[in-house]
Amino acid sequence: MTLRIDIWSDIACPWCLIGKRRFERAIQQLPFADQIHVEYHSYLLDPDLPSHYDGTEAQYLAERKKIPAEQVSQMLAQVTEVAAGEGLHYDFDRLVVASSRRAHRLLQAARRVAPDRSAGGLVPRLKGALLEAHFEQGVDIGDDDELVRIARIAGLDEQAARSALDDESLDEAVQLSVSTASSLGIQGVPFYLIDDRYGISGAQPTEAFIQALTQVWQEKQATPAPLLLPDAGEACGPEGC
């Protein structure tokens with residue numbers, strides 16, 4: 001028995017890295033951790049963002065998101081403080097505002113080549129590396145050479161990474177993830193769908209993840225197995241009886 005968790009997130013989302021840390025910390029404390037199957041899906045907070053934005057994160061939020069400058073300052077200070085509590089060191093002054101679309105191509109390529117769907121598999125490693133590079137290291141996630149470097153360190157073959165960045169067909173996979181999120185009513189990230197039944201929105205505390213995952217796991221174990229008989233009996237169908 002496995003427990004599937006689908007996660008929608010964007011590399012341009014500071015709460016997605018905080019949520020990832022908390023989620024993975026929760027999994028480490030679960031006795032059924034090795035039976036958890038994780039699927040990361042793409043989400044674009046700003047699909048219309050050009051490859052690069054000439055300005056700081058604060059300027060971007062104030063200009064493109066129409067958020068008052070004072071509110072932006074308070075918001076960034078808050079998320080920086082929360083991140084520090086998770087051992088993360090956000091640096092919004094160094095952050096390079098760039099479209100995450102090409103980085104999502106890498107993630108989609110990794111999903112295709114990586115059979116390991118554990119929390120420590122290639123896709124989660126690459127996702128974490130991209131988020132950390134963006135928010136902690138001031139790396140330009142719109143720069144192909146930087147993306148290839150990050151992918152290689154995470155474990156994706158260098159040639160596969162370069163091919164992915166040039167593969168426009170991967171944008172279709174990215175858009176499918178975005179469209180699926182929309183059909184599910186997801187309006188913000190991170191978002192966690194547990195066992196195709198329960199949704200968790202936002203970077204919840206570790207304890208909340210532990211409680212939710214444990215509850216769903218116990219429910220799955222308590223669900224009676226369907227009765228299967230060895231031979232088919234008489235029945236009626238669309239063509240008659």
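Colleague: How do β1 and β2 pair, parallel or antiparallel?
Modeller: Strand β1, residues 3–9, pairs with β2 in the parallel sense, over seven bridges. Keep in mind that this is a predicted model.

Colleague: And which residue does W8 stand opposite?
Modeller: W8 stands opposite H41, which is in β2.

Colleague: What order do the strands take in the sheet?
Modeller: The order is β2-β1-β3-β4, four strands in an open sheet with mixed pairing. The edge strands are β2 (36–42) and β4 (198–201), each of which pairs on one side only.

Colleague: How much are neighbouring strands turned against each other?
Modeller: By 20° on average, with direction ignored.

Colleague: Which strands does α4 lie across?
Modeller: Helix α4, residues 101–113, lies across β1 and β2. It runs at about 145° to β2.

Colleague: Switching to helices. How do you describe two packed ones?
Modeller: By the angle between their axes and the distance between the axes.

Colleague: What are those values for α2 and α3?
Modeller: The axes of α2 (residues 57–64) and α3 (residues 69–85) come within 9 Å and cross at roughly 130°.

Technical notes. Residues are numbered from 1 along each chain as its sequence is written. This is a predicted model: local features need pLDDT of at least 70, side-chain atom pairs count only at pLDDT 80 or more; totals for chains, interfaces and linings use all residues. Side-chain values use heavy atoms; hydrogens and water are left out. Axes are lines fitted to C-alpha atoms, for helices over the stretch in contact, and angles run from 0 to 180 degrees between N-to-C directions. Helices (H or I, at least four residues) and strands (E, at least two) are DSSP runs, numbered from the N terminus. Two strands pair if DSSP finds at least two bridges between them. Contact means heavy atoms within 4.5 Å.
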